[in-house]
Amino acid sequence: MNHTPDKTLLKYDYEGMDTASIKHSLANRMIYTVGKDNFTATDRDWFHAVAHMVRDRLTERWMETMRSYYNTDTKRVYYLSMEFLIGRTLLNSILNLGFYEEAKTVLQELGMDIEEIADLEFDAALGNGGLGRLAACFLDSLATLRLPGYGYGIRYEYGMFRQAIENGAQVEHPDNWLRYGNPWEFARPEVLFPVKFFGQVVEYRGDDGHVRHHWVDTEEVMAMAYDTPIPGYDVDTVNNMRLWAAKATRDFDLKYFNEGNYTKAVEDKTHSENLSKVLYPNDVTEMGKELRLKQQYFFVSASLQDIISRFLKQYDDLSLLPEKVAIQLNDTHPSIAIPELMRILLDVHHLGWDKAWDITGRTFAYTNHTLLPEALETWPVPLFERMLPRHLQLIYEINHHFLNEVMHCYPGDVERLQRMSIIDEQAERQVRMAHLAIVGSHKVNGVAALHTELLKQQMFHDFNAFYPDKFINITNGITPRLWLHQSNPQLTELLNGQNGKSWLTHLDQLRELLPLAEEKSFREKFRRIKLENKRMLAEKIGHHLGLSVDPHSLFDVQVKRIHEYKRQLLNVLHIITRYNHLRDGTDRPVVPRTVIFSGKAAPGYWIAKLIIRLINDVADIINNDPQIGDRLKVVFIPNYDVTTATDIIPAADLSEQISTAGTEASGTGNMKLALNGALTIGTLDGANIEIHNEVGEENIFIFGHTVEQIRELRHKGYNPREHYESNIELKRTLDMIASGFFSPGEPDRFKPLIDNLLQQDPYFLLADFDAYVATQERVDALYLDEEEWSRRAIINVLQCGHFSSDRTINEYAEKIWNIKPVLHKHPG
């Protein structure tokens, strides 16, 4: 075309939210998008028609939101995360847009149930657990608060693996979540950026006489954008999540194709596109490490090229970048963004070092999510040198400037320089990505009060001394729209009936309802809702697992990633001890319990997988023991994801948050469970401390060694065998596991677990066992008093206002990003 296109806004009809408009829109989407009529349409066709009907309404608001950001010349935040655990989108979008009842009515008239249609959607399992779900909650809050925020990540073709339990063991299957297409995304083949790997760096002198660098002889992969609209609740703001898919620079080599060698012809394409194939490749092997680092750089490079391209459409002075752009690094995975922005500023735009570094440091901020030293990413220098040679040069230069500053502050302190260096010189040289993130960011935040203090006092003590104003705390939060409004509609309705719906965007308003906890009639309504949620979960357990559980029993829930520090094994030790009490006969009142586990172990984490096997073997013995009956049941629900969480959490009576003190950065499962009326049994770890402070000491069950006491145990020399020898109940429990009581066909199956506990016990399970069992007895005693249990559970719900992700995002906006809401109104 050689004419100039008309840039005036295209006119379009706004889609209504009334039943007539929805019905008309649904018919159009079925015919024009799905390509079926109501005679040939399957249930899945109806899901796609409904999804596209909803997407139309999202899209109108999305376009207007994006235009409003350009028109108001606003600063934007870009949230870089390797994970976005979005889950399902249909119900969330309908509820946020505010036409659930209308959509439900239309579908009923057509002979369908909205919940059954929604159940056909696959979870977008683009995350591993808390990190990815937190990112998804943050996107929801950014839109709800009308803040100009974008998410950037990877469009994994296969998400987190689908977990099956076969003969008690975890088996991983591919999670092909895109099997039937993704109706929510918009492919953007025109938004395509080259991402380079390998090659070499050539120095040359520019016209101004300065030394420049050119990265040549590289391999290239193309990053193609896929956009997903993210709606806020009860507002017209719809923000964007942009995920990158890897595409080959060419589809096939015609020479090989013409020779009939099709496999060779598409080899480059297949190799390139493997980059975005699967979430978190196993990085135990060298090939796995290389692919994981490639993934990180791939999405970071594409995102930064996109951000700079968008910025330069409006501004021509890169020194304004920190005034218009904030980039948040969600953990260390995207920290390669710091040298990548330096490369763009130095090598592409030819800024001087000092100016480029000033821009970079004022643009980035870093969130740390771990207290485990082994979880802080490091990469071998040889791998970096081979894959990203220019970036290694830049990291060396950043480190040189940084260590010079440290040396001038602490002259002669060589050990401090070694501790703080971005390059770990011990044994095989490694690039410390957390150090890079700290040095290259203007703010670093922890995600719970204790976590942040431990970062400042222990893990990053030297950095905190050097940068006294850089480290701050912003406690994590959860979106009440998903974790209460959507997942627990009956409790939502009960709360709405007291004071309207405004608490959904101002969760702290629930505190105003605290007097209701003292009203017997309200407690009765609350109990009925909890029992109904338990009945629904019991039905699903019966249907999917063939196990009958009593909804009147105490539902004791531990749902989270399987990891030694989260101490699912301590929970198992208590279950076996409880089992022994029941078999021996006891004169104490028996509180029937259903202990529910769910969670995935990383494929290469064999101890965590062995813990899953133990849970299932223990369950097999206990659940089939006629002497026990319904007094104790153990359930492992496979394939924990967002949807499974929304089934389990509203039904929980007791929330197990029992990680070793000083190991959990924050936790958000603890918040979700408390918000749904579960009492917490937990250690003084992560956000448990803040939950304790909010709900009150009498409304939470705290046990176990504190951080200081754990430190003292380590200092004195911890001997776990002493607990084994001196505690008859503990010894009996461990001996049963070790002797093969729960694995008669393979008596030594769990020997590695017991050996580890008796010889090392790195997470102090045996030290906390007595206190844990005693606290569980306190739980039993309280549960027998249903009125008091209900009162305390209601207080937990109403005192969770602090844990809204809206509060969290407001703190980021004020303390780190310096961004403001952009108000606009949908004209429809």
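Tyrosine 366 sits across from valine 444 of strand E17, and that pairing is a handy way into this predicted model. Numbering starts at 1 along each chain as its sequence is written. Because the model is predicted, local features need pLDDT of at least 70 and side-chain atom pairs count only at pLDDT 80 or more, while totals for chains, interfaces and linings use all residues; side-chain values use heavy atoms, with hydrogens and water left out.

Two strands pair if DSSP finds at least two bridges between them. Strand E13 (residues 364-367) runs parallel to E17, and three bridges join them. E17 also pairs with strand E18 (residues 471-473), again in the parallel sense and over three bridges, with asparagine 445 opposite isoleucine 472 in E18. Strand E17 (residues 443-446) is covered on both faces: Lys443 and Asn445 on one side, and Val444 and Gly446 on the other, are all buried. Buried means under 20% relative accessible area, exposed means over 50%, and partly exposed lies in between (1.4 Å probe, protein chains only).

Strand E1 (residues 76-80) is mostly covered too, with five of its five residues buried. Arg76, Tyr78 and Leu80 point one way from E1, while Val77 and Tyr79 point the other way. E1 pairs in the parallel sense with strand E12 (residues 325-330) over five bridges, and leucine 329 in E12 is the bridge partner of leucine 80. Strand E4 (residues 149-154) is another parallel partner of E1, this time over four bridges, with tyrosine 150 in E4 opposite tyrosine 78.

Further along comes an open sheet of six strands, paired in parallel in the order E21-E20-E19-E22-E23-E24. Strand E21 (632-636) and strand E24 (701-702) stand at the edges with a single partner strand each, so one side of each has no neighbour in the sheet. Strand E19 (residues 554-559) and strand E22 (residues 654-657) run parallel and are joined by two bridges; aspartate 556 stands opposite leucine 654 in E22. Helix H23 (residues 568-584) lies across E19, strand E20 (593-598), E21 and E22, and runs at about 155° to E20. Such angles run from 0 to 180 degrees between N-to-C directions, with axes as lines fitted to C-alpha atoms, for helices over the stretch in contact. Contact means heavy atoms within 4.5 Å.

In helix H13 (residues 353-363), the buried residues are Trp353, Ala356, Ile359, Thr360, Gly361 and Thr363. They pack against helix H11 (321-324), E12, helix H12 (337-348), E13 and helix H15 (389-409). Helix H33 (residues 786-798) has 13 residues and reaches 18 Å from its first C-alpha to its last, close to the 18 Å expected at 1.5 Å a residue; the expected span is 1.5 Å times one less than the number of residues. H33 is mostly covered, with 11 of its 13 residues buried, among them Trp789, Arg791 and Leu798.

As for the rings, the structure holds 24 aromatic pairs. Rings of Phe, Tyr and Trp (its six-membered ring) pair if their centres lie within 6.5 Å, with planes under 30 degrees apart counted as stacked, over 60 as edge-to-face and the rest as tilted. Ring pairs also link Phe402, Phe460, Phe463, Phe466, Tyr467 and Phe471 into a cluster.

Arginine 155 lies over the face of tyrosine 226, 3.9 Å from the ring centre, and the charged end of lysine 534 sits over phenylalanine 555, 4.9 Å from its ring centre. The cut-off is NZ of Lys or CZ of Arg within 6 Å of the ring centre and within 35 degrees of the ring normal.
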